[in-house]
Amino acid sequence: MSLDAALLTSVLAEPDALEPRLVLADLLSERGDPRGELIGLQCLEHPSEPQRRRSVALLRQHWADWVGSPLALVVDERTVRFDRGFLFSCTLRRSPMWLQQDAVVLPEHALLRRVDVVRDFVPGEAPLTHLLPRLTGLHAAHGLIAEELAALVAEPPPLRELGVVDLDREGMSALLSATLPDLAFLSLEARNRANLVLSLLDRIASVRRIRVGHGELRPWREALLDRALEGVEVRTQGWLLALSQPALRRLDAWPVAELSDDPVGPLIAELETLDVRDLAYIHVRGGRPPGSEAVRRLKRSAKGTPLRLPPSWTREIEP
């Protein structure tokens with residue numbers, strides 16, 4: 001059930017303020033609307049465990065009504081997150097057009113800040129080109145294909161993060177013609193096309209962090225070293241490698257969900273292509289212990305650069 005527009009006015013006018021939401025919570029509670037209870041509970045700074053469980057129970061029972069049942073048809077229930085009583089983030093499914101046509105955007109959806117778009121793998125699924133531009137409060141949109149990107153940036157909301165599945169000619173054209181003054185993070189599958197990324201950074205000067213998809217770390221560090229970037233992320237065979245300032249000398253490595261018989265081999269290969277002695281540190285942030293010999297190989301590849309490993313890894317090394 002959607003909220004009365006008059007009740008929403010003050011909340012939408014001050015989306016970060018707490019007081020308008022509490023006033024709305026009181027009004028809804030007086031009407032016997034459980035949405036008022038949810039808003040009140042989620043506005044608590046330090047909810048108790050019973051209060052937290054009550055919030056979860058309310059959302060399990062009413063999430064579809066509070067998302068708006070038409071929009072809920074293309075939302076993945078498992079990803080729905082409410083903040084202070086309103087939909088804050090979710091995953092949208094590319095779905096058949098007949099299913100999307102009923103997806104009505106309500107005034108309160110101006111408080112939706114992040115969406116991730118995924119395929120639904122059903123016959124007749126279509127891009128969300130008619131829906132995404134109407135979500136005017138988005139700060140982050142990830143998983144877009146070229147058609148969705150073009151539709152969203154034509155009259156963009158105040159985007160701070162943008163993720164593109166594959167940057168083809170149409171997507172590149174959309175980005176180069178877009179006005180995105182607040183964009184700070186850009187994720188795209190560039191596949192070592194450094195010149196393309198440099199052109200985008202020249203066009204969108206506000207970008208401070210970039211994820212360039214699969215590739216090798218060394219050429220990206222060389223290409224972007226002189227840019228005013230806070231961080232560069234590259235994915236390579238089971239690892240997300242992130243360089244950060246100053247001078248892109250800090251290297252953090254996260255394992256990602258890819259199968260490999262040699263989980264640290266790709267990381268070692270990347271380190272061997274880098275001048276690791278120019279790095280301030282290398283920090284491995286998790287992953288299953290690879291065995292004592294693999295840990296020793298990794299240490300050797302660091303060539304004396306400070307190497308921080310998960311405690312479970314260091315225990316693998318025999319005395």
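Ala-247 sits in the loop between β10 and β11, where helices and strands are DSSP runs numbered from the N terminus (helices H or I, at least four residues; strands E, at least two). This is a predicted model, in which local features need pLDDT of at least 70, side-chain atom pairs count only at pLDDT 80 or more, and totals for chains, interfaces and linings use all residues. Residues are numbered from 1 along each chain as its sequence is written, and side-chain values use heavy atoms, with hydrogens and water left out.

**Backbone in loops**

- Most residues other than glycine have a negative phi, and most peptide bonds are trans.
- Ala-247 has a positive phi, near 55°, and is partly exposed at a relative accessible area of 36% (buried is under 20%, exposed over 50%, partly exposed in between; 1.4 Å probe, protein chains only).
- The loop between β10 and β11 also holds Pro-246, which is joined to Gln-245 by a cis peptide bond with omega of about 5°.
- Lys-303, in the loop between α12 (292–302) and β13 (307–308), has a positive phi near 55° and is partly exposed at 46% relative accessibility.

**Helix pair α1 and α2**

- Helix α1 (residues 5–13) packs on helix α2 (residues 19–30) at about 160°, with the axes 8 Å apart; axes are lines fitted to C-alpha atoms, for helices over the stretch in contact, and angles run from 0 to 180 degrees between N-to-C directions.
- That angle makes α1 roughly antiparallel to α2 (over 145 degrees; under 35 is roughly parallel, 65 to 115 roughly perpendicular, the rest oblique).
- Leu-7, Leu-8, Ser-10 and Val-11 of α1 form the contact with Pro-20, Arg-21, Leu-24, Leu-27 and Leu-28 of α2, contact meaning heavy atoms within 4.5 Å.

**Helix pair α7 and α8**

- Helix α7 (residues 146–154) and α8 pack at about 15°, with their axes 8 Å apart.
- The two helices α7 and α8 are therefore roughly parallel.
- On the α7 side, Ala-146, Glu-147, Leu-149, Ala-150 and Val-153 meet Glu-170, Gly-171, Ala-174 and Leu-175 of α8.

- Leu-217, Trp-220, Arg-221 and Leu-224 are buried in helix α10 (residues 217–224).
- These residues lie on the same side of α10, because they cover an arc of only 100° around the axis, taken from the directions from the helix axis to the C-beta atoms.
- Partners of the buried α10 residues include α9 (194–203), β8 (209–214) and α11 (265–273).
- The buried residues of α9 include Ala-194, Leu-196 and Leu-201.
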